[in-house]
Each structure stands twice: as C-alpha cells, then as structure tokens.
Amino acid sequence: MSTLPGRTRITSRALSRVATAGAADALGTDARRVRIRFEDEHGALAISVSGPMQLLSLDRVVQDPALVARTGGPLTDRVLHVQDDVSRRVSALTGFVVSSVTMRITSGDIQGERRVK
Amino acid sequence: MSRDTVYRRVLRRETHSPRSVLAIAIAVVAFVVLAWVGVEVVLAILNRGPLLVAPFDMFSAVVALDQAPAGIVVPAGIGAVVVGVILIGMACTPGRRARHVLPTERVATVVDNEVIASALARRAARAANVDPDNAVVSVSHRRAVVDVVPTSGLPIDRDAVHATVVDELSSYGVRPTVTARVRVAQAGRVGS
C-alpha cells in the first residue's frame, strides 16, 4: 500500500473486461463469445467462465494420434490449463485473491492445426 | 464558583438527560388529580352534587376493591405496576445522552457519538482499504463497533484495522473511554 492517502477501486466492469480478455485468449476464441461472472467466496473472488473452446476434428485425430499430445493434450487437461491461466492473469493484473475458477465449455470450434508461420 | 466547577456542571448537563419532560408531565398529572379531589371535597362539604365521584363513594370503592369485577381491577393493577416500574427505572438510570466529552484546555467540548463514529469510519475504511460505504461504525457509551465489508479478493488485516481504530480513539481522548471492536464480514462485495 502506498503512503499517499487514496484508494484504487477496480469496478466489476473493469474486472470483467480483464477476465474476459484473459479467458478468451486462453480458450483460443473471441472475447465476444466468452461470458464471465464474479461471485464472492468468503471474501475471495470466484470466477465463472463460460465460452467455446477450440477442438480438433476427430477425423484428423484418427489419422494422426500424436496430434492430441501436440496440441495441449486431452480436453480436460486443456481446460485445467485455461482455468489456471485465467486465475493467474486476473491475480497478476488486479492483485485480487482468486479462490476458484469454474469453467463451462459451451461449444467446440473445430479447427485444423495451424501451421507455424 | 470557579471555572472548572461551572464546566463540570455544564458537561454533566450536556451529557445527561434532564428528564424535565417526564417531571413536568407527572407534575401536571398530579396537579390535575389533586385539584379535582379538592373540588370534590369542597362540593361534598357544601352538599352539592359531585363532579364525577363523591369523596365518600371513592373511599368505599377502595375498601370494597376485592368485590369489584376482576376484569377491570387486574388490568388496571398491571397498568399501574408497569407505569411505576418505568418511572422508577427513569429515576434510577443515569439517562445518558449519546455524547462524549472531549478534553480541551480552554473550553468545555461535547461531541455527539455519530461524529466520533463517522471520524472512525473514515480512518477504518482507509486502513482496511475498502470503500467508505463499506465501513460502518456505531459508537455507544463505552464501545465502538466497526463493521467492515471486504472487497472480494482483497483480504482485510483485521488486527491492523483494529490498531488504527484504537490509535485514532486514543488520539481523541474522549471521556468516558471507548473500546474498539472490529468485525470483518464473512462475505465480501465484488468490485467495490
């Protein structure tokens, strides 16, 4: 805390923007398709994220089984990773204690593996 | 009378209720009742008809109280007991006003409890790093209770807030002394 009197207030709107951008980035989707909700959990911040996630097409997985591992592992692992990512980003940017991140994947965007440019 | 004596009296008067409204009300009631009894006695002596009840009938009614219908006597008795207890309570309690005395050198200073509370609330809000709306303080005769609602994600150091409030209170030096108690709400408020 600084020695100067005064207080910084992060409104839930600003918080929402930060979390939405972070979650969209981690999910690999557009920020407009991600919904964020905040709740209080015994004084800490609980975040609920809902949005689509990029998935691999099953045809391609059948053709190339190693593709799953290459693109971040199974879906559950990737969700956990996103969860962790959102929590870390929000904490880092706002300094808030995040107690939980609830993920809700509402749909899948099937896309091909992008080539490294 | 020396200045200190005057100040002491003034401060005592300002911090305690004079109970004058109650005293005047009871005096008026007693005056009306006694005047009426006097009038009845005079009318009875002059052999005129009574205003409400003749004195002889009053006494015989009191003597024959155990024959009166219980439906009237019991509620009236209960009412009299309640009024009596209230009056005894008012007479014996100090009748403090919600005020404290501030020690000053040249003048006698009296502060309303709300003033102390709002000053404490401002300090507490700053110490807890919450919005001023989320720190509520109530000050009573001996106690200041500070209620703080945290912002979700920003834990409040209760002891630090308590230390600040105690510090602030001791800097005022109000009499009688006030002890502080800080309560941090379990649930926070998002984005406040």
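Q: What makes E3(B) and strand E4 (residues 143-148) of chain B a pair?
A: Two strands pair if DSSP finds at least two bridges between them. E3(B) and E4(B) have five bridges, so they pair, in the antiparallel sense. Ala135(B), for one, has Val148(B) in E4(B) as its bridge partner. Strands here are DSSP runs (E, at least two residues), as helices are (H or I, at least four), numbered from the N terminus.

A word on the source. This is a predicted model, where local features need pLDDT of at least 70, side-chain atom pairs count only at pLDDT 80 or more, and totals for chains, interfaces and linings use all residues. Residues are numbered from 1 along each chain as its sequence is written, chains are lettered from A and ligands numbered from 1 in the order in which they are written, and side-chain values use heavy atoms, with hydrogens and water left out.

Q: Why is one side of strand E3 (135-139) and of strand E5 (179-184) of chain B left without a neighbour in the sheet?
A: The open sheet has three strands in the order E3-E4-E5 (chain B), with mixed pairing. E3(B) and E5(B) stand at the edges, each with a single partner strand, so one side of each has no neighbour in the sheet.

Q: Which strands does helix H5 (residues 113-128) of chain B touch?
A: Helix H5(B) packs on the sheet, touching E3 and E4 of chain B. Contact means heavy atoms within 4.5 Å.

Q: Which strands does helix H6 (residues 158-172) of chain B touch?
A: Helix H6(B) packs on the sheet too, touching E4 and E5 of chain B.

Q: Why is Val29(B) called exposed?
A: Exposed means over 50% relative accessible area, buried under 20%, and partly exposed in between (1.4 Å probe, protein chains only). Val29(B) has 52%, so it is exposed. Its place is in helix H2 (residues 20-45) of chain B.

Q: Why does Thr20(A) count as buried?
A: Its relative accessibility is 12%, and the limit is under 20%, so Thr20(A) is buried. Thr20(A) lies in helix H1 (residues 12-27) of chain A. Leaving aside neighbours within four places in sequence, Thr20(A) is in contact with Ala31(A), Val34(A) and Ile36(A).

Terms used: Axes fitted to C-alpha atoms, helices over the stretch in contact; angles between N-to-C directions.
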